[in-house]
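Here is a short report on one protein model. Please keep the sequence and the 3D view open while reading.

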Amino acid sequence: HTRALSGTPNAGNWLAYTAGEWAIVRDTHRGESIQVTVRALSSSMPTFAGTGAPITVWLTEQDVEGGLYYWASSSMVGPGGIYRHDMARPGEPAEPFYTKAQSPGGRCVACHALSREGDRMLITYDGGDGAASLVDVATRTETLATDGTFHWNFAAFEPGGDRFVSVFHGAMVLRTSSDGSVVTAVPTPGYGSHPDFSPAGDAIVYVQVASPSSDWSFAGGTIVVQPFDPSTATFGAATVLVENTGQNNYYPSWSPDGAWILFNRSSEDAYDDASAELWVVPADGAQAPARLDTPNVGPGRTNSWGRWAPFAQEAAGGACGVVLRVRQYPFHAILPP
């Protein structure tokens with residue numbers, strides 16, 4: 001299949017395949033790989049062509065399901081807030097899910113985290129250190145107070161959604177989803193941020209911060225794992241998974257099969273880092289962290305907050321999870337509908 005594009009050299013020209021074109025590839029090469037090649041012609045020398053090296057694209061056995069929730073500023077769309085793209089409807093625009101137009105009092109809402117079941121969302125109003133609440137996804141209504149009774153900058157649901165870990169000024173606590181009450185403090189070895197629960201609910205992963213400025217801006221991040229007993233709501237001792245050896249490691253995310261942890265690494269402050277790259281490490285620490293060369297594409301891409309699709313996928317060449325890469329900072333998640 002061939003697509004043509006005309007434009008000015010070095011002007012950032014690009015094109016996207018349509019949903020129908022991808023459907024043809026999906027139906028004929030499901031679970032296999034395809035080769036994508038770019039050829040360039042000049043109107044001044046139409047008999048000569050330059051051809052780039054072929055790029056291999058692997059296709060999954062299953063469709064990518066669920067929804068992609070993301071934040072967009074009012075300068076990008078209107079109104080600013082959280083939007084949802086239905087992965088089953090490619091080519092259709094994302095719908096406003098919880099924006100300034102839908103939040104109480106028209107407040108800014110950006111930070112968010114969904115339960116693995118996709119039925120509840122934790123949100124923070126008005127930027128860092130703002131009031132926090134919990135939203136019922138089906139009705140898009142708040143089930144906890146929005147008046148500043150609760151504060152957190154990052155949070156993660158326990159599987160099942162009945163409890164969650166929240167972070168405020170480096171302190172992490174386990175709360176109930178029903179009323180937000182604190183069950184227990186997480187006994188972290190220091191300042192912590194960016195938590196995520198394992199799919200089995202038997203551990204959490206987070207960042208132990210060496211030099212904090214805030215929950216979202218810091219240096220010297222180390223990725224640690226801490227066991228959790230759901231029946232007694234107790235946490236074990238933390239162990240280091242990815243050591244800080246001069247770089248900043250942050251935004252850990254557990255794969256849907258529990259085998260891998262995706263994270264960011266940069267030389268900056270963990271916010272909107274141009275040097276941010278995606279790395280992955282086995283959850284048991286059996287191997288050293290590895291840089292994901294394909295999704296990183298190249299240097300200086302602000303490749304932040306990668307997230308896994310919520311369902312295990314099979315692709316040509318072996319089993320894996322689908323990794324989404326985010327090229328700017330906003331708080332994102334890809335989770336079930």
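## Confidence

This is a predicted model. Its mean pLDDT is 87. A value of 70 or more is reached by 91% of the residues.

Two stretches call for care. Residues 316–322 stay under 50 in pLDDT. In the model they have 17 contacts beyond four places in sequence. Residues 324–337 also have pLDDT below 50. This stretch has 72 contacts in the model beyond near neighbours in sequence. Where pLDDT is low, predicted coordinates should not be read in detail.

## Helix α1

Helix α1 spans residues 19–29. Which of its residues are buried? They are Glu21, Ala23 and Val25. The buried residues of α1 pack against β1, which covers residues 33–36.

Gly31 follows α1. The phi of Gly31 is positive, near 75 degrees.

## The sheet β21 to β24

Four strands form an open sheet. Their order is β21-β22-β23-β24, and the pairing is antiparallel. Which strands lie at the edges? They are β21, residues 248–254, and β24, residues 290–291. Each of these pairs on one side only.

Take the β23 side of β24 next. Strand β23 runs from residue 277 to 282. Two bridges join β23 to β24, and the two strands run antiparallel.

Conventions:
Residues are numbered from 1 along each chain as its sequence is written. This is a predicted model: local features need pLDDT of at least 70, side-chain atom pairs count only at pLDDT 80 or more; totals for chains, interfaces and linings use all residues. Side-chain values use heavy atoms; hydrogens and water are left out. Buried means under 20% relative accessible area, exposed over 50%, partly exposed in between (1.4 Å probe, protein chains only). Contact means heavy atoms within 4.5 Å. pLDDT is the predictor's confidence in each residue, from 0 to 100. Two strands pair if DSSP finds at least two bridges between them.
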